[in-house]
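Here are some notes to read with the model open beside you. Take the points one at a time and find each place as you go.

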Amino acid sequence: MNRIQRNHWGLILLFASILVTSCGGGGKQASEPSDVEGKEAAFKNITNYPIPTAFEVTRMLNNAGASYIISLNNPAENVDKYFTLKSKALNLGVYGANLSYASTYQMKQETMKYMEVAKRLIDDLQITSNFNLTFYNRINSNLDNKDSLINIITQSFYDSYNFLVNNGKDNVSLLVMTGSWVEGLYITSQIALIAKDNNDFLKIMAMQKEPLDILFELMQKNAEDPLVSEVIKQLEPLHSLYSGVNGETLTKEQYDKINASVTEIREAIIKG
């Protein structure tokens with residue numbers, strides 16, 4: 001995509017950063033750089049990951065003063081219901097967003113829980129990159145370091161995306177991306193529903209128009225795949241609603257319709 005070009009110097013800087021901050025042996029990892037946003041941007045330039053990760057959404061929620069609401073997450077035990085490639089890929093995205101949500105708010109028990117189910121789905125989908133082989137240990141060693149957790153999980157997003165695309169599994173990468181994006185929007189819409197002042201959350205929801213456009217465009221280019229085609233049909237009503245969104249906020253009518261639509265899509269995803 002022409003809006004996200006590869007950057008040779010960014011690649012060199014990134015590898016240097018990984019060498020400095022990666023885990024070594026069984027000891028505790030050194031502190032990561034605090035400039036998480038800058039590091040995410042560097043990763044994005046290299047991997048061409050085309051839309052915001054769940055961390056970027058949950059960070060906005062955190063910065064807007066939203067409380068952590070555990071009931072908004074897909075229960076970890078639901079992982080036992082996912083048998084098909086489609087349900088596993090979509091819910092890897094959902095659980096990745098839940099993992100981002102929990103770690104952004106430094107919920108250690110929830111972070112470990114969602115790390116375990118995400119790792120299980122990563123294994124089931126055979127995303128056997130070198131990074132994901134050590135994913136569990138990296139998370140477990142950095143539970144007390146928020147910046148490190150964000151860097152590790154964000155790197156896993158990009159690494160998984162690269163692995164899938166480079167191994168001819170574009171359809172799986174799109175499903176994972178869709179599940180993550182839907183869950184981020186769902187969590188935001190539910191917080192907006194109960195917030196006394198939901199202006200910030202409506203703005204975050206309005207900002208999802210461009211990522212959805214990009215995601216929809218990518219999926220349409222892969223519409224010959226039956227799994228992708230099924231998800232396109234699920235997203236079409238929501239995409240149509242967002243076509244009427246202009247500016248940085250939603251009207252009450254737009255919010256109500258988008259909230260209802262994303263809730264329906266999300267319930268279908270986690271049902272399996």
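**A buried arginine, and what else to look for**

1. Start with Arg-266, which counts as buried because its relative accessibility is 6%, under the 20% limit for that label. Please keep in mind that this is a predicted model. You will find Arg-266 in helix 13. Leaving aside residues up to four places away in sequence, Arg-266 touches Leu-72, Asn-73, Asn-74, Val-182, Glu-183 and Tyr-186.

2. Now step back to the whole protein. How many helices and strands does the protein have? There are 13 helices and 0 strands. Of the 272 residues, 54% count as buried. Among contacts between residues at least 6 apart in sequence, 76% join residues at least 24 apart. The accessible surface comes to about 12500 Å², and carbon and sulfur atoms account for 51% of it.

3. Where is the kink in helix 12? Look at Leu-235, where there is a kink of about 40 degrees, shortly before the proline Pro-237. At the start of this helix, the backbone nitrogen of Leu-227 has a side-chain oxygen of Asp-225 within 2.9 Å.

4. Next, see which residues of helix 12 are buried: Leu-227, Val-228, Val-231, Ile-232, Leu-235, Leu-238 and Tyr-242. As you look at their spacing, remember that an α-helix has 3.6 residues a turn, so residues three or four places apart point the same way. The cover over the buried residues of helix 12 includes helix 4 (85-104), helix 9 (170-194), helix 10 (199-206), helix 11 (209-221) and helix 13 (252-271).

5. Finally, the aromatic rings. A search of the whole structure finds 5 aromatic pairs. One of them joins Tyr-82 and Tyr-95, a tilted pair with 6.5 Å centre to centre and 55 degrees between the planes. Tyr-82 sits in the loop between helix 3 (54-63) and helix 4, while Tyr-95 is in helix 4, 13 residues apart. Tyr-95 also pairs with Tyr-114, again tilted, at 5.8 Å centre to centre and 35 degrees between the planes. Since Tyr-95 lies in helix 4 and Tyr-114 in helix 5 (residues 108-124), this pair ties together parts 19 residues apart in sequence. Both Tyr-82 and Tyr-95 are buried, and Tyr-114 is buried too. Look also for the aromatic cluster formed by Tyr-68, Tyr-101 and Tyr-105.

Key
Residues are numbered from 1 along each chain as its sequence is written. This is a predicted model: local features need pLDDT of at least 70, side-chain atom pairs count only at pLDDT 80 or more; totals for chains, interfaces and linings use all residues. Side-chain values use heavy atoms; hydrogens and water are left out. The bend at a residue is the angle between axes fitted to the seven residues ending there and the seven starting there. Helices (H or I, at least four residues) and strands (E, at least two) are DSSP runs, numbered from the N terminus. Buried means under 20% relative accessible area, exposed over 50%, partly exposed in between (1.4 Å probe, protein chains only). Contact means heavy atoms within 4.5 Å. A polar contact is a pair of N or O atoms within 3.5 Å; within protein, one must be able to donate a hydrogen and the other to accept it, and residues adjacent in sequence count only if both atoms are side-chain atoms. Accessible areas come from the Shrake-Rupley method with a 1.4 Å probe; for residues, only the protein chains shown count as cover. Rings of Phe, Tyr and Trp (its six-membered ring) pair if their centres lie within 6.5 Å; planes under 30 degrees apart count as stacked, over 60 as edge-to-face and the rest as tilted.
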